[in-house]
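Dear colleague,

I am handing over the structure we spoke about, which you will find just below.

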Amino acid sequence: MTININTDTKTPQQNKKKENHGRLLVKCPDQPGIVAVLSKFLFDHESNIVESSQYSSDPEGGTFFIRLEFHCENLSEKRAQMEADFQEIAAHHSMEYRFAYGSERKRTAIFVSKEPYCLMELLWEWQNGDLETDIVVVISNHEDSRDMVEALGIPFYYIPANKDIRKQVEEEQIRLMEEYDVDLLILARYMQILTPEFVERFPNQIINIHHSFLPAFIGARPYERAFARGVKLIGATSHYVTNDLDEGPIIEQDIERVDHRDDVVELKKIGRQIERRVLAKAVKWHLEDRILVENNKTIVFH
């Protein structure tokens, strides 16, 4: 039996505000007047800027990045014309850009293995209304989390996985991503290597949590290796997945101090707390369109 929980705690007024809320993300060669051009464009389309964040890699010939949040009455009726009108500006200034809209919630899939603590954190944040997404499916190579997930009315798929059947497993996973029209994949301690073919289908759409302050202790058993080295700081890293193991663009990291009294068990306990909050932050920022990827780095406007 499943229990459907209504996580939409917004009032009608708040939902209306979301419908009229938009975001514009731009990357282009830096030059004087870009902010003025974008501000005038939004003003001409009866939009009010409510948040603006920008960054230049080098004011003299570098790359300019900006994220604008705006409010526009009846945005759903105006957005097509806005996007059409923006094409000329983008072409003139060599802009890469993306519009996003508060009325369009991203659809998220969570992949998990045996340890559920990162999954639980995400489900808690989602129930709290702090993750603006629809969690549409959970996929696992273990049955451990089924009851927890299905109690929230979320479909759960158990797909056994190992290196010998990886191709068949990923074919089924891709089919489910398409069936559920997924925008974001979260690896919440999913302990399987993804193939290059799978990763390439979802560029900058797969977020992983690694139980190490990368680039230290890449790969498996980082806590054991950290303990052996006698580290004084342990951490966690959330990053986009690429075909270079644990070397994708880093979104968020955090650390805590430890000492010689902390054994591997204690390190793992502390590490789990860091992992949970680091992954939740990274996911939240992605859902709010606060991340721009530049080569193997990120610009995060938080």
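The lining of the largest pocket divides by class into 14 nonpolar, nine polar and nine charged residues. Please bear in mind throughout that this is a predicted model. The largest pocket holds about 600 Å³ of space, and of the 32 residues that line it, Tyr190, Met191, Ile193, Leu245 and Asp246 lie nearest its centre. Helix H7 (196-201), strand S9 (206-210), helix H8 (222-229) and helix H9 (264-287) are the elements that each give two or more residues to that lining.

The second largest pocket has a volume of about 510 Å³, and its lining is made up of 20 residues, with Arg98, Asn204, His286, Asp289 and Ile291 nearest the centre. Here the elements contributing two or more residues are strand S1 (21-29), strand S4 (96-101) and strand S12 (291-294), while the classes come to eight nonpolar, three polar and nine charged residues.

Two of the residues nearest the centre of that second pocket, Arg98 and Asp289, also meet through their side chains in a salt bridge, at 2.8 Å from N to O. This pair links distant parts of the chain, since Arg98 sits in strand S4 and Asp289 in the loop between H9 and S12, 191 residues apart. Asp289 is buried, with a relative accessible area of 2%, whereas Arg98 counts as partly exposed because its relative accessibility is 37%.

The structure holds 32 salt bridges in total. One of them joins Lys114 to Asp144, with the closest N and O atoms 3.3 Å apart; Lys114 is in the loop between S5 and H4, and Asp144 in the loop between S6 and helix H5 (146-150). Another is formed by Glu256 and Arg277, at 3.0 Å between the closest N and O atoms, and it connects strand S11 (residues 250-257) with helix H9.

With kind regards

Key: Residues numbered from 1 in each chain as written. Predicted model: local features only at pLDDT ≥ 70, side-chain atom pairs only at ≥ 80, totals over all residues. Heavy atoms only, no water. 1 Å grid on protein atoms, 1.4 Å probe; cavity = no way out; pocket = protein on both sides within 12 Å on 5 of 7 lines; lining within 4 Å. Points joined across faces, edges and corners; volume = space filled by probe spheres on them. Helix = DSSP H or I, 4+ residues; strand = E, 2+ residues; numbered from the N terminus. Nonpolar A, V, L, I, M, F, W, Y, C, P; charged D, E, K, R; others polar. Salt bridge = Lys/Arg side-chain N within 4 Å of Asp/Glu carboxyl O. Buried < 20%, exposed > 50% of the residue type's maximum accessible area, 1.4 Å probe, protein only.
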